[in-house]
Amino acid sequence: MVDQERINFVTARFSAADINITGEMAEKLVRLCDFMVDYNEKVNLTSITGFTEVVDKHFVDSVLPFFMVDIPQGSSFIDVGTGAGFPSLPLMIVRPDLKGTLCDSLNKRCVYLEQVCSLLDIPAEIVHARSEELGRKRRECFDIATARAVAAMPVLAEYCVPFVKVGGRFIALKSVNEDITASGSAIKKLGGEISQVVDYEIPNGDKRRLAVVNKISQTPTQYPRSSANISKKPL
């Protein structure tokens with residue numbers, strides 16, 4: 001597809017998810033795809049490299065959950081273990097009012113993120129750090145923490161909930177195979193409460209699960225623990 005066809009395709013796929021984006025946003029997403037796929041030749045960022053799959057499985061998949069939850073204008077968020085920048089990069093293109101911090105433990109990915117943010121004029125903060133260490137330094141600093149990760153919800157929550165201000169939310173992008181409610185007691189220990197679990201489909205028919213945790217009280221100071229303890233002894 002030529003560029004205009006690809007821009008139209010991106011716009012149509014978002015429209016299929018009931019999200020209206022501008023041509024400028026669609027063009028930025030096309031450029032993001034091109035840069036990521038090229039960069040992927042030297043640094044492993046993603047196994048999904050076909051244009052249509054990237055649009056559905058990375059771009060729409062990253063943004064759609066945040067249109068299912070009311071996110072106030074100007075909210076701050078941290079994307080924990082952001083990897084290639086999902087969900088944060090597409091989200092900041094479609095919601096440029098949001099203030100994003102992207103955290104990843106691998107410096108090679110952070111270098112990529114710095115470059116793509118510079119290319120696309122995305123004013124994100126890129127932080128090279130282990131999330132449990134950053135979580136102790138920047139406790140309860142963000143309106144929202146998010147992650148699109150395969151870790152089980154009790155593990156993911158311990159990495160993410162400590163970042164969230166009381167009154168904020170942890171928004172987890174999950175597969176439909178996990179019983180989110182089973183993590184309720186772990187989340188309660190962290191000062192959170194499950195408020196929403198929604199199953200949905202992205203436009204290509206793939207099934208997803210959205211979990212929203214409200215931060216109702218401060219996270220006890222012993223959390224997050226070391227990554228070894230989080231993995232070996234989940235809450």
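## Close-up views of a predicted protein model

**Figure 1. Surroundings of His58.** Leaving aside neighbours within four places in sequence, His58 is in contact (heavy atoms within 4.5 Å) with Met36, Thr46, Ile48, Glu53, Phe86, Pro90 and Arg148. His58 is found in helix H3; helices (H or I, at least four residues) and strands (E, at least two) are DSSP runs, numbered from the N terminus. With a relative accessible area of 7%, His58 is buried, a word that stands for under 20% relative accessible area, whereas exposed stands for over 50% and partly exposed for values in between (1.4 Å probe, protein chains only). The model is predicted, and local features need pLDDT of at least 70, side-chain atom pairs count only at pLDDT 80 or more, and totals for chains, interfaces and linings use all residues. Residues are numbered from 1 along each chain as its sequence is written, and side-chain values use heavy atoms, with hydrogens and water left out.

**Figure 2. The largest nonpolar core.** A nonpolar core is a set of buried Ala, Val, Leu, Ile, Met, Phe, Trp, Tyr and Cys residues joined through side-chain atoms within 4.5 Å. The largest one holds 53 residues, of which Val10, Phe14, Ile21, Leu32, Phe59 and Tyr112 touch the most other members. At least two residues of this core come from each of helix H1 (3-16), helix H2 (23-39), helix H3 (51-63), helix H4 (88-94), helix H5 (107-120), strand E5 (164-174) and strand E7 (207-215). Helix H2 gives the most, with eight residues.

**Figure 3. Phe14 and a second core.** Not counting residues up to four places away in sequence, Phe14 touches Ile19, Ile21, Leu29, Phe59, Val60, Val63 and Val94. A second, separate core consists of 27 residues, including Val80, Ala145, Phe163 and Ala211.

**Figure 4. Ile93 in helix H4.** Ile93 lies in helix H4 and is buried, with a relative accessible area of 6%. When residues up to four places away in sequence are not counted, Ile93 touches Met25, Lys28, Leu29, Leu32, Leu120 and Ile122. Val63 and Ile93 are 30 residues apart in sequence, and their C-alpha atoms are 9.5 Å apart in space.

**Figure 5. Thr82 in a loop.** The loop between strand E1 (76-80) and helix H4 contains Thr82. This residue, Thr82, is buried, with a relative accessible area of 3%. Apart from residues up to four places away in sequence, Thr82 touches Ser88, Leu102, Cys103, Asp104 and Leu113.

**Figure 6. The enclosed helix H7.** Eight of the eight residues of helix H7 (residues 153-160) are buried, so this helix is largely enclosed by the rest of the structure. The buried residues of H7 are Met153, Pro154, Val155, Leu156, Ala157, Glu158, Tyr159 and Cys160.

**Figure 7. The whole protein as a setting for the close-ups.** The secondary structure comprises nine helices and seven strands. The radius of gyration, taken over C-alpha atoms, is 17 Å, close to the 18 Å that the globule rule (2.2 Å times the number of residues to the power 0.38) gives for 235 residues, so the protein is as compact as a globular protein of that length. Along the principal axes, the C-alpha atoms fill a box of roughly 55 × 35 × 30 Å. Buried residues make up 53% of the 235 residues. Among contacts with a separation of 6 or more, 67% are between residues 24 or more positions apart.
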